[in-house]
Amino acid sequence: MSTITNSIFTPATAARFDHLVTLYPVKRSALVPMLLYAQDEVGYVSDAVVTEIAQRLDLLELDVRNVLSYYSMLRTKPAGKYNVQVCTNISCMLRGGYEILDHCKAKLGIGHKEVTKDGTFSLEEVECIGACCWAPAMQVNYDFHDNLTTIKVDEIFDTYRAGQGKDVK
Amino acid sequence: MPTLVSHPDEVKVLSRRFGQGAADIDKYLELDGYKAVQKAIAQGPDNMATWIIDTMKASGLRGRGGAGFPTGLKWSFVPKQSEKPKYVLVNGDESEPGTCKDHVIFLHDPHAVIEGTMIAGLAIGSKMGFIYLRGEYRYLLKIVEKAVADAYSRGFLGKNIFGSGIDFDIVTQTGAGAYEVGEESALMESLEGKRGVPRIKPPFPAVVGLYGGPTVINNAETIASAPHILLMGGEEYAKIGSERNGGTRLFGISGHVERPGVYELPMGYNLKKAIYDVAGGIKDGKKLKAVVPGGSSCPVLLPEEIDVGLDFDQMGKAGTMLGSGGIVVLDETVSIVEFALRTIAFYQHESCGWCIPCREGTDWIKKTLTRVYNGGGNKKDVANVQYLAENMMGRTFCPLGDAAAMPTLGFVKKFRKEFEDYIEGHKAGTPIITVEQLVGAGH
């Protein structure tokens, strides 16, 4: 059982965290996955997330923030419900990654690290996501989309907007 | 979903189960799964470790992450007696631009990684392994997690594996977006719940690694090769490759080719053939301009330099590296100025900031190339970029500084005239970018 009495997480996530800390020789090893899983649930790493994780791992909040600020996937502000991450690194760039990014910007009406007014989408230009041979590629939350064209991007947005997109977690 | 490709010149060792549903444990077992680890255990408790290490040494397998260090030798460095527990750490933090081979392994053959981890554990006398995947690979993490859970439920992991009396556990771990964590000591820091900054060496991980215990860290492809090597025999595996470069390798060919994809080719396979035959040549019949042969940190090759064998030694002789096996092909339409800027922008973004030459060097090269790209460059800038890059080389804790400097030097040396022509041609009427714009450029 968790030593945390009033967890901000759902019972399933709280139980997952209770289990996670038991896996490693040192509790702190659970920090990076915990921050990411907490973000998956809350939408971002909020102050309350930092506080509870610090408590769970017997760390200072400062230790948690120190780690939090290092990893590019962790954010301290809410993103859209669907965070669109377009790769523009070399392999994607050669096959039109920037055209895809520009198309996303125009289509969603937002720029890098911005969120649409209705909160449905946010957009990020990201570094290599490991889909080089199927470029250009992007991720929507954790779901990969590759061999992109602007038409395919439109279809993907429509799918998510209709609530039919995959939500890998 | 990554599409699988095929070519007659491929030698399918590592990829032989791809596309056959081997993520399912029953399918994996049907395709000789978990036979290698049992073969190792059958050597008996006294001979097992020596037998594994000797077989790995005979195989000529060299680290597939990029450094090319002989795997058997690496495993032999771990002290037999240790007060602290020993660990196996599988590096699946695949983030070198141009590289997506581990992606395919985790997707199609996750049990090979698990079995390889067990084999490494038996070789060094470790009871615990970690499989670390980059945070972006969440769907792959789920595949690997399921594979690990299935292996536990069959009793292949946990207590007394295959009746050997040996316990072995595997924990999967996710990163959260950091190229630097692909460096072995930064990987250990990250797994210990810290910022992914490198550790000074020595001591090397084989002596003082994860949680201070002796640790073997191998790339996921290296680890996944181990079961195949034990089953076919080290000598047989070595024969497939070239001299001192045993076996096969997954090469990811991307960029301007007709058939991009991950192909398994024997070590030493000709790079030109890989591009023109295997990957179908340059896209849309255009002319080849340059090749970045092993991920973005490898110095660029010109078209006249690509008639070379894809192994660690031949690529080294050609003045570049085999790296991570990610071959990025550039056609005649690519601006090297833009490509060099995009490359350094990546390293600037990913520098962890621990070592000043890397933190400042990548930033100033990016600033200078941004100015050049925006039309505000002058001829001194090219020499300046070269000077900066040369001063980063060998002056950082980890190889990220070198990884940023090497391709930069390749671009400015081999395409110097293009840089100079670009600077000359983009002068008139183009504004010089302000410092504020530069600081805000890119990410």
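## Where chains A and B meet

Helix α2 (residues 31-42) of chain A and helix α7 (residues 138-153) of chain B have axes that come within 14 Å, crossing at roughly 115 degrees. The crossing of α2(A) past α7(B) is left-handed. On the α2(A) side, the contact is made by L36(A), Y37(A) and D40(A). On the α7(B) side, R138(B), L141(B) and E145(B) make it. By class, this contact has 3 nonpolar and 3 charged residues, and no polar ones. The model described here is predicted.

Now the whole interface. Chain B puts 67 residues in contact with 46 residues of chain A. The area buried between the two chains is about 4,500 Å². Carbon and sulfur atoms give 59% of that area. In chain B, the residues that lose the most area to chain A are R138(B), R195(B) and R342(B). Together they account for 17% of what that side buries. R138(B) also belongs to the helix contact of α7(B) with α2(A).

Polar links come next. Between chain B and chain A there are 26 residue pairs in polar contact, with both residues at pLDDT 80 or more. Helix α13 (residues 336-350) of chain B gives the most to the side that touches chain A, with 8 residues. That side of chain B divides into 30 nonpolar, 23 polar and 14 charged residues.

Side chains of opposite charge can pair when their charged atoms come close. Over all chains, the structure holds 38 salt bridges. Between chain B and chain A the count is 2. One salt bridge is formed by E127(A) and R342(B), whose closest N and O atoms are 2.9 Å apart. E127(A) lies in the loop between β3 (121-126) and β4 (138-140) of chain A, while R342(B) lies in helix α13 of chain B, so the pair joins two chains.

Some backbone details remain. In chain B, two cis peptide bonds involve P202(B). The table gives their omega values.

| Cis peptide bond | Omega |
|---|---|
| K201(B) and P202(B) | about -5 degrees |
| P202(B) and P203(B) | about 5 degrees |

P202(B) is found in the loop between α8 (184-191) and β4 (215-219) of chain B. P203(B) lies in the loop between α8 and β4 of chain B.

Chain A has a backbone detail too. N147(A) is a residue other than glycine, and its phi is positive, near 45 degrees. N147(A) sits in the loop between β5 (143-145) and α7 (150-161) of chain A.

Note on methods
Residues are numbered from 1 along each chain as its sequence is written. Chains are lettered from A and ligands numbered from 1 in the order in which they are written. This is a predicted model: local features need pLDDT of at least 70, side-chain atom pairs count only at pLDDT 80 or more; totals for chains, interfaces and linings use all residues. Side-chain values use heavy atoms; hydrogens and water are left out. Axes are lines fitted to C-alpha atoms, for helices over the stretch in contact, and angles run from 0 to 180 degrees between N-to-C directions. Helices (H or I, at least four residues) and strands (E, at least two) are DSSP runs, numbered from the N terminus. A crossing is left-handed if the near helix is turned anticlockwise from the far one by less than a right angle, and right-handed if clockwise. Contact means heavy atoms within 4.5 Å. Ala, Val, Leu, Ile, Met, Phe, Trp, Tyr, Cys and Pro count as nonpolar, Asp, Glu, Lys and Arg as charged, and the others, Gly among them, as polar. Buried area is the accessible area (1.4 Å probe) that two parts lose on being put together, summed over both. A salt bridge is a side-chain nitrogen of Lys or Arg within 4 Å of a carboxyl oxygen of Asp or Glu. A polar contact is a pair of N or O atoms within 3.5 Å; within protein, one must be able to donate a hydrogen and the other to accept it, and residues adjacent in sequence count only if both atoms are side-chain atoms.
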